[in-house]
Every structure is written in structure tokens, then in C-alpha cells.
Amino acid sequence: MSDTPFGFGLPPEEPDNGDEGKKKGNQGGQGGPNPFGFPGMGLPGGLGGPGGPGGADNPFAAMFGSMNPNDLGAAFQQLGQMLSYEGGPVNWDMAKDIARQTVAQGTADGVKDTSVGIAEKSAVEEAVRLADHWLDGVTSLPSGATTAVAWSRAEWVEATLPVWKELVDPVAERVGAAMGGVLPEEMQAMAGPLLGMMRSMGGAMFGQQIGQAVGVLAGEVVGSTDIGLPLGPAGKAALLPLNIEGFGKDLGVPSDEVRLYLALREAAHARLFAHVPWLRSHLFGAVEGYARGIKVDTSKLEDVVGQLDPSNPEQLQEALQGGMFQPQDTPEQKAALARLETALALVEGWVDAVVHEAAKPRLTSADAMRETMRRRRASGGPAEQTFATLIGLELRPRRLRDASRLWASLTDARGVDGRDGLWEHPDMLPTASDLDDPDGFVHREQLDFSEIDKMLGEAAEKREQQGDGEGEEKK
């Protein structure tokens, strides 16, 4: 669980490289505080920034003291658009804009996003082709990548936002419902404008936080499956050449081997999600189950709402940041989280096992790359931390190593077909307790669901024949 209350995190700190850094930060979303506390709003003139009377101590004085009339009009226009937002629980237009602004700033080490060149595209396409060829010999699942693409960071943002929306909206919706259900029904009509403003600002704050987090993540991911979920479009194996270069910089491994190993992982994920049709809905369903179990401390919310002054937006922002919507752990949430963690461990363990089997005989760096990726995924890498900030979930396959050993043992005991055949139905997969006793699972008799389906089909056909016979007798 994350300590951050569902997207309403604290604004990032100002850059420490003086006035120049602050000016740059205001352009891209990391400037000084503004009256609503939203870093990344891109408001002209940098509300509450340096140079204006009052500064951070008096944001309204800064608003009026540091802007020319044109900037002031544009700021109020953008503020009006934010408060008039009537869409879903997250302002995704804002999220997209802020993510793109964050990407445009570059990463902390000063590396700016660049368009992908022809040579880089060709190198990615060749790596994915070769990776798919190697995987053909270690898994019975056919290729799941119809195309291989090389993305810039901005292209990754554009391609993955639809899936972020699918993941985040259920949780944000549940929290938003709590906002509307706090007051007694007879009081809701009177408080309508306040609740409407809170929903609009809640959507804006979710959008701001998500946009910034996704933008930062775009500077770190190496493909479309870094968090164990298919973030990109179906059938596309995607790699980010610029980030791959940064990832391999200090590994002491040739760049072509780094690219090829990451292409193996991307192509292996693509096979799994393309040919196990129930897997995606199983994982996303666990996130939705987590959302359904959210219970908000309504007593605290009632106290805060009763004391809010609509003319003082800073008060609302402070309440949101102070844990106004901090969720309570529930048995439903814990059960959904356990299902999600086990499923992620099985996905990542399978990918780890088949990729190592394909890479070990061919790449001298296979062992080193495997350990690097295991640590990155299992110890809480940037992707997991980002997702924890967004919706309070940690996408950490805590038992990746156990799952990988189990899949390798299944390969030895049952062969590739027997191992991969377990993905035919979710009830055939190992459970969390099976990860505790892998030998017991490996040598246990497994249900043959194809035989069960055959028997059910024959029984249905027999019933239809009997029904037809009874109809003929009545005639």
C-alpha cells in the first residue's frame, strides 16, 4: 500500500538551480506554488513564483503582482476551465498535457526526449524479429507481436494513456463517489455548488498527479510491459531506444545485447497476453476488485466539508493533501491485492524463465541481465512506485523468483507444452500456496479442462437430441 492518499500528493520541490531553474520549472510543470497548489498547471507567469509581491506566503498577491493583463486573463481562463470540468473522475486532458510537458523538460540527468531515427527503428525491428525466433524454441505460444515499434518518450505517453485511464478510473471513481455521498440527502442540494467544485478540483488534482507521474515514468521505462501489464496497443512490441541507452550505460554490457535481451522480454510478454485471452481481464479485474473494496473515512470527510470555506481554495487543497481521502484497508482490498500480486508473479516468473532459457546459450550477459531485471521488478522499481502513487497499489511481483523456479521445474517435469498448457484456464494456474510448495504442484495431477469441455459438449448435444425426439412424438 502507498502512503499517498490516492493521487492527492504533495507538489514536487522546486529545482535548486536558482532563478533559471525556477523559470524552466514553471514552463514544464514544476514551478513554485500557486493558489490551488497545482504544480504543472502551466499557468502563465508562474502563480506565486519568484519576483511577485508576497511570493509563496501570499499567492493571491503574487497572482496580481507579477502578471501583466494578458497573462492574468489567460490564467483565469485556464482556472475557469479547470473548475468547469464535468467529465469523469480524472481530468485526462490535463493529465495528457502535463505528461507531455514533463517529458519535454527531460530527465533529471538532463537527457531530453528525441525523435526516433531510422537506424534506431531498424535496430529495434531486427531485435524483436530475432527475439521472436529464439522464443519459438522455448515456448509453445506463438508470436504475439504483429509489429515492432520504436517509441520516443512522448509517443509512449500517447500510446499508454488509454490503459492508464482503464486502470486508474475505477479507483478515482470510488473516491469521487465518497465525495458526493458524505452529506445527508437534504443537505446535498444546498451544498451542490461546493460539491461540484470539489469534484472538478478532484478531477484536476488526479489529472495533475497522474500526468506528472506518467511523464516521469516515460523517462525511465524501456518498453510497454515494464509493470507487467500490457500498456501498449495489442500486437505491438515496443521499445524506447533512448531509455534503453540510459538503462545499459553502467552495466558493462554491449548495447546490442542489452537491446536484444529487453526485446526478448517484450516479445515474451506479447505472446502471453496475445494468446491467453482471459489474462488481461483477470489482472484488470483484480484492480477493479481493489477499487470496490475502498472505504473512505466519511466521518473525517464530513468534518472537513463542514468547515470548508468555498472562497478559500487553499483550505480545500490543504485538506486534500492532509489525507482527507485516505482509504481504509478492507478484507476485500487485501484479497484483491493478493490475487493481483500472485498473478503478476506468475506472469513475470514465466517471462523470466522462458527469456533466460532463450538467452542463456546465446548471450554472454544473460545471467547479469537476468539479475538486473529481477532486482528492478522485485525490489520496487520506478514503475511500481509510480503506480503506487497513482492509485495506492503496488504492482510488485514479490514472489518473482519463486514463480520463476516453479515454471522452470514444470519445464523439466512436463516439457514446454505441459508448462504452457496451464495458461489455458485460470483455475489451472499455481496459487500463492503452490509457490510455497512448488514440488507438490509440479507433480500433482492437473485437471484436463479440454476433456471436461468435451464431456459438457457431448451432454448438451445429447439433451438437444432428446428434446428433438420428444417434439417428434408430440406431433
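**Figure 1. A432 in helix α18.** A432 sits in helix α18, residues 432-436. Helices here are DSSP runs of H or I with at least four residues, strands are runs of E with at least two, and both are numbered from the N terminus. The model is predicted: local features need pLDDT of at least 70, side-chain atom pairs count only at pLDDT 80 or more, and totals for chains, interfaces and linings use all residues. Residues are numbered from 1 along each chain as its sequence is written, and side-chain values use heavy atoms, with hydrogens and water left out. A432 is partly exposed, at a relative accessible area of 37%. Buried means under 20% relative accessible area, exposed means over 50%, and partly exposed lies in between (1.4 Å probe, protein chains only). Not counting residues up to four places away in sequence, A432 touches T342 and R399. Contact means heavy atoms within 4.5 Å.

**Figure 2. V222 in a loop.** V222 belongs to the loop between α8 (192-218) and β2 (236-239). V222 is buried, with a relative accessible area of 4%. Leaving aside neighbours within four places in sequence, V222 contacts A238, L239, L240, N243, I244, F247, L262 and R376. For one of these, L239, the C-alpha separation from V222 is 5.7 Å, at 17 residues along the chain.

**Figure 3. Packing of α5 on α10.** Helix α5 (residues 118-136) packs against helix α10 (residues 255-275) at about 60°, with the axes 8 Å apart. Axes are lines fitted to C-alpha atoms, for helices over the stretch in contact, and angles run from 0 to 180 degrees between N-to-C directions. The two helices, α5 and α10, are therefore oblique to each other. Angles under 35 degrees count as roughly parallel, over 145 as roughly antiparallel, 65 to 115 as roughly perpendicular, and the rest as oblique. The crossing of α5 and α10 is right-handed. A crossing is right-handed if the near helix is turned clockwise from the far one by less than a right angle, and left-handed if anticlockwise. From α5, the contact residues include A123, V124, A127 and W134; from α10, they include R259, L260, A263 and R271. By class, the contact has 13 nonpolar, no polar and 4 charged residues. Ala, Val, Leu, Ile, Met, Phe, Trp, Tyr, Cys and Pro count as nonpolar, Asp, Glu, Lys and Arg as charged, and the others, Gly among them, as polar.

**Figure 4. Packing of α10 on α14.** The axes of α10 and α14 come within 9 Å and cross at roughly 130°. That makes α10 oblique to α14. The crossing of α10 and α14 is right-handed. Among the contact residues are Y261, H269 and F273 of α10 and E348, W350 and V354 of α14. This contact of α10 with α14 has 12 nonpolar, 1 polar and 2 charged residues.

**Figure 5. The nonpolar cores.** The largest nonpolar core holds 92 residues; W156, W164, L279, L283, W350, W407 and W423 touch the most other members. A nonpolar core is a set of buried Ala, Val, Leu, Ile, Met, Phe, Trp, Tyr and Cys residues joined through side-chain atoms within 4.5 Å. Helix α14 (residues 331-359) gives the most to this core, with 13 residues. W350 touches T139, L141, A268, L272, W407, R419, D420 and W423, not counting residues up to four places away in sequence. A second, separate core of 5 residues includes V171, A291, I294 and A336.
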